[in-house]
Amino acid sequence: MLITHIQLNRKAQNRENLFGIMTVHTKNYGRFMFNTIENYEEKIKEGQYIVSWSWSPRFGKHKLEITGVHKRKGIRIHSANYGRQLRGCIGLGTFGISQEIPTMVINSKLAVASLERMMMAKENEKVIIKIIDNEETADRIASREISTAISKIISDRVRRGHEVGLK
C-alpha cells in the first residue's frame with residue numbers, strides 16, 4: 001500500500017483529553033480513518049512532521065515515531081485509551097463518529113496494528129503527517145450551546161407569535 005500522507009484534525013477536548021481524526025491517504029486504496037487521543041497539556045504543536053520507523057527502548061521493538069518536533073524526541077503513535085496514558089504521543093482508536101465529546105478511544109491495539117501494517121512497506125521511508133488544530137475548546141462549546149439556546153428561544157417566540165395572530 002502506498003501511503004501518500006497522513007492528516008490529523010484535532011476536533012474536541014475535555015479536561016485532560018484531546019480528540020481528533022487521523023486520515024491516512026493512500027495512492028491505491030483511498031483513505032483510512034482512525035480516532036485519536038492525546039494528552040492536552042503535552043500535545044504536539046500544529047504543523048507538519050515526519051512519521052517513520054525507529055527503535056523504541058520503552059516498547060522494546062520498532063514503533064512509529066513522529067520526528068521534527070521542536071526540542072522533543074521519542075514521540076510515538078501507539079495504543080492508549082485515555083490522554084493521561086500519553087506524554088506527548090498520539091494514541092489511536094477505531095473510527096467512530098459522535099456528536100458528544102468522548103471520554104476515551106476504543107480498540108486501540110487493533111487500530112495501531114492496522115496503521116503499523118499499512119506502514120510496513122515504508123520501513124525505510126518517511127511519511128508526512130500534518131497536524132491541524134480545529135479542536136472545540138470549552139469556550140467554543142459553551143458559545144455554541146448559548147447560540148443554539150438563543151436561536152431556539154427566538155424561533156419559539158416567533159412561532160408562538162404567529163400562533164396567536166401577532167406579526
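In which strand is methionine 33 found?

**View 1. Methionine 33 and the nonpolar patch around it in the predicted model.** Methionine 33 is found in strand S3, which covers residues 31-39. Together with Phe95 and Ile97, Met33 makes a nonpolar surface patch of about 300 Å². Because its relative accessibility is 35%, methionine 33 counts as partly exposed.

**View 2. Arginine 72 in the loop between strands S5 and S6.** Arginine 72 lies in the loop that runs between strand S5 (61-67) and strand S6 (75-79), and with a relative accessible area of 27% this arginine is partly exposed. When neighbours within four places in sequence are left aside, arginine 72 is in contact with Glu42, Lys43, Ile44, Arg87 and Gly88.

**View 3. Strand S6 and its pairing with S5 and S7.** S6 pairs with S5 in the antiparallel sense over 2 bridges, and glutamate 65 stands opposite arginine 76 of S6. With strand S7 (residues 90-94), S6 pairs in the parallel sense over 3 bridges, where serine 79 has leucine 92 in S7 as its bridge partner. S6 is mostly covered, since 4 of its 5 residues are buried.

**View 4. Confidence along the protein chain.** The mean pLDDT of the protein chain is 86, and 83% of its residues reach 70 or more. Confidence in the chain is highest in S6, at 97, and lowest in helix H2 (residues 138-163), at a mean of 62.

How values were computed
Residues numbered from 1 in each chain as written. Predicted model: local features only at pLDDT ≥ 70, side-chain atom pairs only at ≥ 80, totals over all residues. Heavy atoms only, no water. Patch = residues over 30% accessible without salt bridge, like charges linked within 9 Å, V, L, I, M, F, W, Y side chains within 5 Å. Areas by Shrake-Rupley, 256 points an atom, 1.4 Å probe, with all protein chains shown as cover. Salt bridge = Lys/Arg side-chain N within 4 Å of Asp/Glu carboxyl O. Buried < 20%, exposed > 50% of the residue type's maximum accessible area, 1.4 Å probe, protein only. Contact = heavy atoms within 4.5 Å. pLDDT = per-residue confidence, 0-100. Pairing = 2+ DSSP bridges.
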